[in-house]
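Work through these exercises with the sequence and the model side by side. Try each task before reading its solution.

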Amino acid sequence: MANDSDNDTAFDHDAPPSKSQIKREMQELQALGERIIALDPAVRARLPLSDEMLAAVEETGRIRSHEGRRRHMQYVGKVMRKEDREAIRAAFEEIDQEHVQRNAAFHRLERLRDQLIEDDAALEPFIETHPHVDRQALRQLIRNARSERARNKPPASSRKLFQLIRDTAGL
């Protein structure tokens, strides 16, 4: 009996993947290809892609037919089999992490802008941290933003204040 179960286990490891498994893998590769195609060319250049893959990605932009695009995406999935998927996923992870960090930095700047508008005590620490800031413009934008807020006006000065803070902080 033990021999039968050993044979079953050996058979399971030697069996080729099912059609469903192959289809799922191809769909995953096509989805990864779609994500690569959707990237900005400057960001795409950071990915470790072969010349064949780059040519397939560029060709996608010229295809207008829905059915043609569907078939081309199958081709992209086929080309993706030859690519170093782990390196591509690692590059995507790095790009995603940079995006998260950039968003967090912008949220910090937005909170800083709101603090400057709401509290006079926040101005001096900001000036001490960034001594090269144009103090007159900073104070004027804070005053204008407060005025706009009090009069329920569009936040034009608040946007300009954010830009000044962003440029001062070097982001």
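**Exercise 1.** State which hand the crossing of helix 4 and helix 5 has, and list the residues in contact.

*Solution.* Begin with the hand: helix 4 and helix 5 cross in a left-handed way. Left-handed means that the near helix is turned anticlockwise from the far one by less than a right angle; clockwise would be right-handed. Next, find the two helices: helix 4 covers residues 51-60, and its axis lies 10 Å from that of helix 5, at an angle of about 165°. Helix 4 is therefore roughly antiparallel to helix 5. The contact joins Glu52, Met53, Ala56, Glu59 and Thr60 of helix 4 to Arg69, His72, Tyr75, Val76, Val79 and Met80 of helix 5. Contact means heavy atoms within 4.5 Å.

The model is predicted: local features need pLDDT of at least 70, side-chain atom pairs count only at pLDDT 80 or more, and totals for chains, interfaces and linings use all residues. Residues are numbered from 1 along each chain as its sequence is written, and side-chain values use heavy atoms, without hydrogens and water.

**Exercise 2.** Classify the angle between helix 2 and helix 5.

*Solution.* Take the axes, which are lines fitted to C-alpha atoms over the stretch in contact, with angles from 0 to 180 degrees between N-to-C directions. Those of helix 2 and helix 5 (residues 66-80) come within 8 Å and cross at roughly 100°. Now apply the classes: under 35 degrees is roughly parallel, over 145 roughly antiparallel, 65 to 115 roughly perpendicular, and the rest oblique. Helix 2 and helix 5 are therefore roughly perpendicular.

**Exercise 3.** Is asparagine 152 buried or exposed?

*Solution.* Locate asparagine 152 in the loop between helix 8 (135-150) and helix 9 (156-169). Check the backbone: asparagine 152 has a positive phi of about 55°, although it is not a glycine. Then read the relative accessible area of asparagine 152, which is 72%, so the residue is exposed. Buried means under 20%, exposed over 50%, and partly exposed in between (1.4 Å probe, protein chains only).

Conventions. Helices (H or I, at least four residues) and strands (E, at least two) are DSSP runs, numbered from the N terminus.
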